[in-house]
Amino acid sequence: MKSKSYIVDRALHWISALLLLFMLLNLSSQLHNVDWDIKGQLEHRQDAVELHAVLGIILVIFTIARLIFPYLTKTKIERVNPASKKHSIFIKATHVSLYACIFLLAATGLILINNYQIPLTVLGIELPPDKDAFYQVFPGIHDIHMFLKQLIWWLIAIHFFGIMYAKR
């Protein structure tokens with residue numbers, strides 16, 4: 001029987017993983033593959049961006065919870081034993097990269113919604129439009145955000161194949 005700490009750790013992991021996958025797959029679909037005439041362009045964008053932002057905030061909270069959980073409970077979570085020192089370093093680097101990517105995606109996302117061309121409301125906070133920043137700041141940050149999105153897909157793939165390799 002697995003310990004309660006292990007079960008909580010796995011639950012935090014899988015909730016975070018599912019939130020991340022939903023976010024990676026959903027916003028582009030909402031913004032690009034839906035008929036904007038249904039709600040109108042502004043309301044449609046508002047709903048899509050707000051859902052993405054709220055899920056991003058929840059993901060960051062779950063990620064922080066997963067990072068601090070072992071320290072709060074003072075328990076050692078069972079992990080796969082690396083085959084070598086190089087393997088251990090690769091595992092740590094992959095996990096640090098995944099966590100860093102999540103936090104950088106959240107940070108760039110916040111910068112994007114603060115420099116958007118239309119007014120947005122996220123968690124009841126009204127963000128006024130800034131057309132100058134949209135044309136000056138938004139494109140560069142958007143490029144970084146999209147790069148991080150591609151990077152996290154690669155990191156997820158590395159993580160997945162690493163798990164399959166360790167379970168063989």
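**Overall architecture and aromatic contacts of the predicted model**

The secondary structure of the protein comprises 5 helices and 2 strands, where helices (H or I, at least four residues) and strands (E, at least two) are DSSP runs numbered from the N terminus. The model is predicted, so that local features require pLDDT of at least 70 and side-chain atom pairs count only at pLDDT 80 or more, whereas totals for chains, interfaces and linings use all residues. Residues are numbered from 1 along each chain as its sequence is written, and side-chain values use heavy atoms, with hydrogens and water left out.

From the N terminus, the order of elements is α-α-α-β-β-α-α. Along the principal axes, the C-alpha atoms fill a box of roughly 55 × 30 × 25 Å. Of the 168 residues, 33% are buried (buried means under 20% relative accessible area, exposed over 50%, partly exposed in between; 1.4 Å probe, protein chains only). The accessible surface amounts to about 11,200 Å², with 69% belonging to carbon and sulfur atoms; areas were computed by the Shrake-Rupley method with a 1.4 Å probe, and for residues only the protein chains shown count as cover. Among contacts (heavy atoms within 4.5 Å) between residues at least 6 apart in sequence, 72% join residues at least 24 apart. There are 16 positive and 11 negative side chains, and the centres of the two sets are 25 Å apart. Lys and Arg count as positive and Asp and Glu as negative, while His and the chain ends are not counted; charges are placed at NZ of Lys, CZ of Arg, CG of Asp or CD of Glu.

In helix 1 (residues 4-32) lies asparagine 26, which is buried at a relative accessible area of 18%. Its C-alpha atom is separated by 9.5 Å from that of leucine 51, 25 residues apart along the chain.

Helix 3 has 30 residues and reaches 43 Å from its first C-alpha to its last, close to the 44 Å expected at 1.5 Å a residue; the expected span is 1.5 Å times one less than the number of residues. Buried residues of helix 3 include Leu98, Cys101, Ile102, Leu105 and Leu112. Their cover includes helix 2 (41-73), strand 1, strand 2 and helix 5. In helix 5, Phe138, Ile141, His145, Leu148, Lys149, Ile152 and Leu155 are buried.

The loop between strand 1 and strand 2 (125-127) contains leucine 123. Leucine 123 has a positive phi of about 55° although it is not a glycine, and at 54% relative accessibility it counts as exposed. Most residues other than glycine have a negative phi.

Rings of Phe, Tyr and Trp (its six-membered ring) pair if their centres lie within 6.5 Å; planes under 30 degrees apart count as stacked, over 60 as edge-to-face and the rest as tilted. The count by this rule is 5 aromatic pairs. The rings of tyrosine 116 and phenylalanine 134 are edge-to-face, because their planes are at 90°, with centres 6.0 Å apart. This pair links tyrosine 116, in the loop between helix 3 (85-114) and strand 1 (120-122), to phenylalanine 134 in helix 4 (residues 131-136), 18 residues apart. Both residues are buried. Phenylalanine 134 also forms an edge-to-face pair with tyrosine 135, at 5.2 Å centre to centre and 80° between the planes. Phenylalanine 134 has a relative accessible area of 14%, whereas tyrosine 135 is exposed at 58%. Tyr116, Phe134, Tyr135 and Phe138 form one aromatic cluster.
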